[in-house]
Amino acid sequence: MTEAHKPGRQAHAPRHLARVFALLGFYQWIADPTLKAQKIEENLPALLADDEEGTPVEDLGLTPEDWARCDRELLTTLLSGAIGEHAALEAEFSPFVDRDLRVSLVERAILFIGTYELLRCPQTPYRVVLNETIELAKHFGSGYRFTNAVLERVAAKVRAAEFEADHAQKKA
């Protein structure tokens, strides 16, 4: 029985899967900044198999079915955008990092992907971006409180009207 069909495994939404794969791709780029986004994306399915028979890698909790269901348009947008604008993105979130960017690579990748989505994907509510990055951090065993705190401050800056309206509604 494949992981995708095991009882109790929740199927993830295509947009969530796009964020997962964008995170994995950006993580690869951090390790080797000479890689191009398109090449990284082409090689992402290889991460799902740990041997020649294509057995899924258990640690990732991802399957070839997840790759097939992934929102490729969002994946491409997030991955190529975060890579292409990495310097500007870092400038947006670094004022809110109190660790002198001494963060894990996973946290770092989440900050880039989340900041890009906050800046360049206004159709996605900022709360959704924050919730998705929390899920990514939890899934990959990283500091979700830290990444959430940083990205919430980025959202307050780059989506001020949306952020303030949301907080005003909560107070009412």
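**Figure 1. Overview of the chain.** Of the 172 residues of the chain, 43% count as buried. The model shown is predicted. Its secondary structure comes to nine helices and zero strands. Along the sequence, the pattern reads α-α-α-α-α-α-α-α-α. Take the contacts between residues at least 6 apart in sequence: 71% of these join residues at least 24 apart.

**Figure 2. The largest nonpolar core.** This core holds 49 residues. Phe21, Phe26, Leu62, Leu75 and Val150 touch the most other members. Two or more residues come from each of helix 1 (14–31), helix 2 (37–43), helix 4, helix 5, helix 6, helix 7 (126–139) and helix 8. Helix 1 gives the largest share, 10 residues.

**Figure 3. Close-up of Phe26.** Phe26 is one of the residues that touch the most other members of the largest nonpolar core. Leave aside residues up to four places away in sequence, and phenylalanine 26 touches Leu79, Ala82, Ile83, Ala109, Phe112 and Ile113.

**Figure 4. Helix 4 against helix 6.** The two helices pack at an angle of about 105°, and their axes are 9 Å apart. Helix 4 and helix 6 are therefore roughly perpendicular to each other. On the helix 4 side, the contact is made by Thr77, Leu78, Gly81 and Ala82. Helix 6 brings Phe112, Ile113, Tyr116 and Glu117. Sorted by type, the residues of this contact are five nonpolar, two polar and one charged.

Figure 5. Glycine 81 sits in helix 4. Is glycine 81 buried or exposed? Its relative accessible area is 7%, so glycine 81 is buried, since buried means under 20%. Beyond residues up to four places away in sequence, glycine 81 touches Thr76, Leu89 and Tyr116. Phenylalanine 112 is 31 residues from glycine 81 in sequence, and the two are 9.5 Å apart in space, C-alpha to C-alpha.

**Figure 6. The buried side of helix 5.** Helix 5 covers residues 86–93, and its buried residues are Leu89, Glu92 and Phe93. Why do they lie on the same side of helix 5? They cover an arc of only 85° around the axis, which puts them on the same side. An α-helix has 3.6 residues a turn, so residues three or four places apart point the same way.

**Figure 7. Val103 in a loop.** Valine 103 lies between helix 5 and helix 6, in the loop. Valine 103 still counts as buried, at 14% relative accessibility. Setting aside residues up to four places away in sequence, valine 103 touches Val97, Arg108 and Phe146. Phenylalanine 146 is 43 residues from valine 103 in sequence, yet their C-alpha atoms are 9.4 Å apart in space.

**Figure 8. Helix 8 against helix 9.** Helix 9 covers residues 160–171. Helix 8 and helix 9 pack at an angle of about 110°, with axes 5 Å apart. That angle makes helix 8 roughly perpendicular to helix 9. Helix 8 makes the contact through Glu152, Ala155, Ala156, Lys157 and Val158. Helix 9 answers with Ala160, Phe163 and His167. The residues of this contact divide into five nonpolar, one polar and two charged.

How values were computed: Residues are numbered from 1 along each chain as its sequence is written. This is a predicted model: local features need pLDDT of at least 70, side-chain atom pairs count only at pLDDT 80 or more; totals for chains, interfaces and linings use all residues. Side-chain values use heavy atoms; hydrogens and water are left out. Buried means under 20% relative accessible area, exposed over 50%, partly exposed in between (1.4 Å probe, protein chains only). Helices (H or I, at least four residues) and strands (E, at least two) are DSSP runs, numbered from the N terminus. The arc is that of the directions from the helix axis to the C-beta atoms. A nonpolar core is a set of buried Ala, Val, Leu, Ile, Met, Phe, Trp, Tyr and Cys residues joined through side-chain atoms within 4.5 Å. Contact means heavy atoms within 4.5 Å. Axes are lines fitted to C-alpha atoms, for helices over the stretch in contact, and angles run from 0 to 180 degrees between N-to-C directions. Angles under 35 degrees count as roughly parallel, over 145 as roughly antiparallel, 65 to 115 as roughly perpendicular and the rest as oblique. Ala, Val, Leu, Ile, Met, Phe, Trp, Tyr, Cys and Pro count as nonpolar, Asp, Glu, Lys and Arg as charged, and the others, Gly among them, as polar.
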